[in-house]
Amino acid sequence: MHLTMLVMMMFLPLLPPQVNDEPVIIVNKATHELSVFEEGNEVFSASAAIGKTSELTPEGQFHVKVKAKDPYYRKKNIPGGTRENPLGTRWIGFDARGTDGRIYGIHGTNQPESIGKSVSAGCIRLHNKDVERLFDIISLESEVVIVKSHNEMKSIYDSWLRDGLNRLLNPAT
């Protein structure tokens, strides 16, 4: 059994990555990009705004926990669907840092000039038209992977797939 695992681990880097049929969101803080991969193909790509500092937007693997149309902005008591609402037309919340999807999210914006910059308090902002399309592509529990990398998005996705296969073959004991 151990010999089989050892042989598999030696040849694993030579194998093509397994294809995941569930959409996965990849956010690259270094390039201010967000992409969605499904069945090995990039099906969506958009420029994104991220946290003002590197620490504000958490890195790691998370899951979508909340999806909301015309989200209410609790901090300043701003109703959803109004021009004053900084969350734009959609909220896609994920469970970063032990939260429940109501603190960290991918959302639209009423400040389209901020897209492509490091300006947020930690969330990921997209143009409203882009977040509306993303909202329709992904589902609750979709994986969100946030990295800071100078690699291309496809390479980041392929690494995520390989890491997942490694976790499958070597579960924590």
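## A guided tour of the predicted model

What you have open is a predicted model.

Of its 173 residues, 42% count as buried. Contacts also tell you how the chain folds back on itself: among those between residues at least 6 apart in sequence, 61% join residues at least 24 apart.

**Stop one: the sheet.** Select the strands E3, E2, E1, E10, E5, E6, E7 and E9. These eight strands form an open sheet in the order E3-E2-E1-E10-E5-E6-E7-E9, with mixed pairing. Now color strand E3 (41-47) and strand E9 (124-125): they are the edge strands, each pairing on one side only. Strands of a sheet pair through backbone hydrogen bonds, either parallel or antiparallel.

Keep E1 and E2 in view. In which sense do E1 and E2 pair, parallel or antiparallel? The pairing is antiparallel and runs over five bridges. Show the side chain of Val27 as well, and you will find it opposite Leu34 in E2.

Select His32, in the loop between strand E1 (24-28) and strand E2 (33-38). Its phi is positive, about 55°, although His32 is not a glycine. Is His32 buried or exposed? His32 counts as buried, because its relative accessibility is 16% and the cut-off for buried is under 20%.

**Stop four: another positive phi.** Jump to Glu141, found in the loop between helix H2 (128-137) and strand E10 (143-147). Here phi is near 80°, again a positive value in a residue other than glycine. Glu141 is partly exposed, with a relative accessible area of 44%.

**Last stop: the largest pocket.** Select Tyr73, Lys75, Leu87, Trp91 and Cys123, which lie nearest the centre of the largest pocket among its 25 lining residues. The elements giving two or more residues to this lining are strand E5 (60-69), strand E7 (104-107) and strand E8 (118-120). The volume of the pocket is about 710 Å³. Color the lining by class to finish: 14 residues are nonpolar, four are polar and seven are charged.

Technical notes
Residues numbered from 1 in each chain as written. Predicted model: local features only at pLDDT ≥ 70, side-chain atom pairs only at ≥ 80, totals over all residues. Heavy atoms only, no water. 1 Å grid on protein atoms, 1.4 Å probe; cavity = no way out; pocket = protein on both sides within 12 Å on 5 of 7 lines; lining within 4 Å. Points joined across faces, edges and corners; volume = space filled by probe spheres on them. Helix = DSSP H or I, 4+ residues; strand = E, 2+ residues; numbered from the N terminus. Nonpolar A, V, L, I, M, F, W, Y, C, P; charged D, E, K, R; others polar. Buried < 20%, exposed > 50% of the residue type's maximum accessible area, 1.4 Å probe, protein only. Pairing = 2+ DSSP bridges. Contact = heavy atoms within 4.5 Å.
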